[in-house]
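Hello,

Please find the structure below, as promised. My notes on it follow directly.

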Amino acid sequence: MNNEQALQQTFEQARTYFPSLGNSYKGRSVLFFDNSAGAQVSQFVIDRVTDYYIHRNAQKGTIFTRTAEMQQTIVDARQLAADLVGATDHTEIAFGQNATNFFHLFAHHLGRDLQAGDHIIITEADHHANVTPWLELAERDIHVHLWNVDTQGNLDFNHYEKLLELEPKIVAAGWASNATGTIHDMQRITAMAHAAGALVVADGVQAASHMAMDVKTAGVDFAAFSTYKIFGPHMGFGYVNRERLERLEGWRIQKELEKDSYFFEVGSQNHEGIEGFIGSMEYLAQVTKDAEDHGLSLDRTRLASTRPSRRNIAGAMHFAHLYEQQLTNHFLAKLADVEGVVLYGKTAEQSEERLPVFSFNIEGIATDSLGHALNDAGVEARTGNYLAIHLMKRLAAPYGGSALRISLVHYNTIEEIDRFFGIFSQVLTDLKTNVE
Ligand SMILES: Cc1ncc(COP(=O)(O)O)c(C=O)c1O
């Protein structure tokens, strides 16, 4: 068996861990292609949440044994998140409501160290979650600059160089686009920011559903992730470089105010969600094991020399990224045959620089009608700007900043892509007939 086949078998097996993927909706089988908005969960997650409610439901801050165990579970879960993204350990991770909330928290705490006249860079490529919190600081006469993309949606590094001459205090940038699937060179973004004296706040949300993340190699200072896009419950977690955090004046103030809270985890947490998150990491560890049972190896990767707990979790995401490149190549080859298609972001020739997240329009057809017709035909795919508002305004201006997005993850298959293009061809024929 070659590696390509081993990857396919590994992820065919992974798919069997997701009870919802075999489901039909209203008596019809459905293609779930809205994974960038949120993924399905495996049985590992469902079992963990159920077990929590039956055996371990408790509140923090008492002397009960059950409480102590629950509090330890949160620490263990933080450690798993640290393993997933490559943080030093659990002390650099906090759970919370979602990624957007973390960006607001970061802006709030980092904002305390800023003064009128200071500069911040945000990007034209980002989801608004990592845009709005920084724009709010403009109310305090902090200058917020938009780092431009080129006509393909790539971050323009010449423009970045110019903006860095302003000696900004913060650069807020995404690791990968949730609209075009373009992977950004976070290591380069960070190195340039640090050389100019800026801290980097990274949006790791989209990349983490598809790749093995490494916050230390990338050098980011702060980052946020959505657990529900990493095959877990509806929550998020934040990463902070502990050393940099301790140096912030704003953080010292916070510590004074809330002595008994654990860094950004204020108030009660979503305990059942945190348990479910542990299930999602157990799932990834299982996929790594399955991949190795199918003959795949991590030996020549950076993960080979990392701690075993990280290797076992992030390994699955390393293999997922390789497998998803097969999906990407297949999807783009099929899409190229569709008449009038306008694809945004990286092309088939640049497929290694992108994720299997495809935004496109069809000339002469309103984006919304594509979405409705596909929904009627059993394909769950999103239309709109997916809150990548600046980017879609720039790329899809003739379509009102809107496009159809098909977003795949590792449990999707070549067969589903083929099925989609069969349906899509019929949908386009019907829509074109209606237009005529
Ligand atoms: C790139 C990106 N950043 C941030 C978010 C927001 O994440 P959350 O719902 O966890 O706040 C999303 C959600 O779609 C996203 O795709």
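The buried residues of H7 are covered by elements that include S6, helix H6 (157-164), S7, S8 and helix H9 (215-218). Helices (H or I, at least four residues) and strands (E, at least two) are DSSP runs, numbered from the N terminus. This is a predicted model, in which local features need pLDDT of at least 70 and side-chain atom pairs count only at pLDDT 80 or more, while totals for chains, interfaces and linings use all residues. Residues are numbered from 1 along each chain as its sequence is written, and side-chain values use heavy atoms, with hydrogens and water left out.

Helix H7 spans residues 186-195, and its buried residues are Met 186, Ile 189, Thr 190, Met 192 and Ala 193. They are on the same side of H7 because they cover an arc of only 165° around the axis; the arc is that of the directions from the helix axis to the C-beta atoms. Buried means under 20% relative accessible area, exposed over 50%, and partly exposed in between (1.4 Å probe, protein chains only). An α-helix has 3.6 residues a turn, so residues three or four places apart point the same way. After H7 comes Gly 197, with a positive phi near 90°.

The seven-stranded sheet

Seven strands make up an open sheet with mixed pairing, in the order S4-S10-S9-S8-S7-S5-S6. Strand S4 (93-96) and strand S6 (143-147) are the edges; each has a single partner strand, so one side of each is left without a neighbour in the sheet. From one strand to the next, the twist averages 20°. Two strands count as paired if DSSP finds at least two bridges between them.

S4 pairs with strand S10 (residues 236-240) in the antiparallel sense, over four bridges. Along this pair, Ile 93 is opposite Tyr 239 of S10. Helix H4 (residues 99-111) packs on the sheet and touches S4, strand S7 (170-174), strand S8 (199-203), strand S9 (222-226) and S10, with its direction at about 160° to that of S9. Axes here are lines fitted to C-alpha atoms, for helices over the stretch in contact, and angles run from 0 to 180 degrees between N-to-C directions. Contact means heavy atoms within 4.5 Å.

Ala 94 stands opposite Gly 238 in S10. From S4, Ile 93 and Phe 95 point one way, Ala 94 and Gly 96 point the other way, and all are buried.

The ligand

Around the ligand are Asn 98, Ala 99, Thr 100, His 127, Ala 129, Asn 178, Asp 203, Val 205, Gln 206, Ser 226, Tyr 228 and Lys 229, each with a heavy atom within 4 Å of it. Some of them make polar contacts, meaning a pair of N or O atoms within 3.5 Å; within protein, one must be able to donate a hydrogen and the other to accept it, and residues adjacent in sequence count only if both atoms are side-chain atoms.

- Thr 100: a side-chain N or O atom is 2.4 Å from an oxygen atom of the ligand.
- Asp 203: a polar side-chain atom is 2.6 Å from a nitrogen atom of the ligand.
- Lys 229: a side-chain N or O atom is 2.5 Å from an oxygen atom of the ligand.

The four-stranded sheet

There is also an open sheet of four strands, antiparallel in its pairing, in the order S11-S12-S15-S14. Strand S11 (341-344) and strand S14 (382-384) are its edge strands, and each pairs on one side only. Its neighbouring strands are turned by 30° against each other on average, direction ignored. S14 pairs with strand S15 (residues 403-407) in the antiparallel sense over three bridges, and Arg 405 in S15 is the bridge partner of Arg 382.

Helix H13 (residues 308-335) packs on this sheet, touching S11, strand S12 (357-362) and S15, and its direction makes about 5° with that of S12. Helix H14 (residues 367-376) packs on the sheet too, touching S12, S14 and S15, at about 40° to the direction of S15.

Two single residues

Arg 310 is part of helix H13 and counts as buried, at 6% relative accessibility. Its side chain reaches the backbone oxygen of Asp 83 at 2.8 Å.

Asn 270 is in the loop between helix H11 (249-257) and helix H12 (271-293). Its relative accessibility is 29%, so Asn 270 counts as partly exposed. A polar atom of the Asn 270 side chain lies 2.8 Å from the backbone nitrogen of Gly 273.

Regards
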